[in-house]
Amino acid sequence: MSADRIELRGLKVRGYHGVFDFERRTGQDFVIDAVLELDLRPAAASDDVADTVHYGELAERLAAVVSGDPVNLIETLAGRLAGVCLADARVAAATVTVHKPQAPIPLEFADVAVVVRRTREEPA
């Protein structure tokens with residue numbers, strides 16, 4: 001596997017995810033980090049964006065999921081976002097972090113996050 005990565009960090013998107021009614025009603029900001037593992041040598045050699053994952057388009061696809069249909073758990077959201085990353089056949093693995101900085105916790109905290117790493121399964 002290649003050690004090359006594309007990293008998109010700090011994508012802030014309003015979503016309506018959570019187990020409580022008020023979370024789904026009022027929404028909150030989620031912050032997404034995505035790290036894609038892939039071979040970047042073809043893009044480096046060609047200097048053509050068509051030979052890599054266009055991170056602007058990736059950001060738009062991830063944002064559409066976060067702002068789209070609500071889910072109860074950020075674990076579910078993270079899994080869906082990892083699927084978006086792996087939709088490009090060039091991506092061998094993706095690590096997605098979903099931060100929920102306004103999580104309904106009645107204590108002071110800096111962050112709550114779920115991190116998932118998914119790899120492309122080899123054909124059976």
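Along the sequence, the chain reads β-α-β-α-α-α-β-β. It holds 4 helices and 4 strands. Helices (H or I, at least four residues) and strands (E, at least two) are DSSP runs, numbered from the N terminus. The model is predicted: local features need pLDDT of at least 70, side-chain atom pairs count only at pLDDT 80 or more, and totals for chains, interfaces and linings use all residues. Residues are numbered from 1 along each chain as its sequence is written, and side-chain values use heavy atoms, with hydrogens and water left out.

The C-alpha atoms of the chain fill a box of roughly 50 × 35 × 25 Å, taken along the principal axes. Of the 124 residues, 40% are buried. Buried means under 20% relative accessible area, exposed over 50%, and partly exposed in between (1.4 Å probe, protein chains only). The chain exposes about 7300 Å². Carbon and sulfur atoms supply 53% of that area. Accessible areas come from the Shrake-Rupley method with a 1.4 Å probe; for residues, only the protein chains shown count as cover. Among contacts with a separation of 6 or more, 60% join residues 24 or more positions apart. A contact means heavy atoms within 4.5 Å.

Helix α3 spans residues 55-66 and has 12 residues. From its first C-alpha to its last, α3 reaches 16 Å, close to the 16 Å expected at 1.5 Å a residue. The expected span is 1.5 Å times one less than the number of residues. The buried residues of α3 are L58, A59, L62, A63 and V66. Seen down the axis of α3, these residues fall within an arc of 135°, so they line one face of the helix. The arc is that of the directions from the helix axis to the C-beta atoms. An α-helix has 3.6 residues a turn, so residues three or four places apart point the same way.

The loop between α2 (41-46) and α3 contains T52. D47 is also found in the loop between α2 and α3. T52 is buried, with a relative accessible area of 15%. Residues up to four places away in sequence aside, T52 touches I6, L40, A43 and R90. D47, in contrast, is exposed, with a relative accessible area of 75%. D47 has a positive phi of about 60°, although it is not a glycine.
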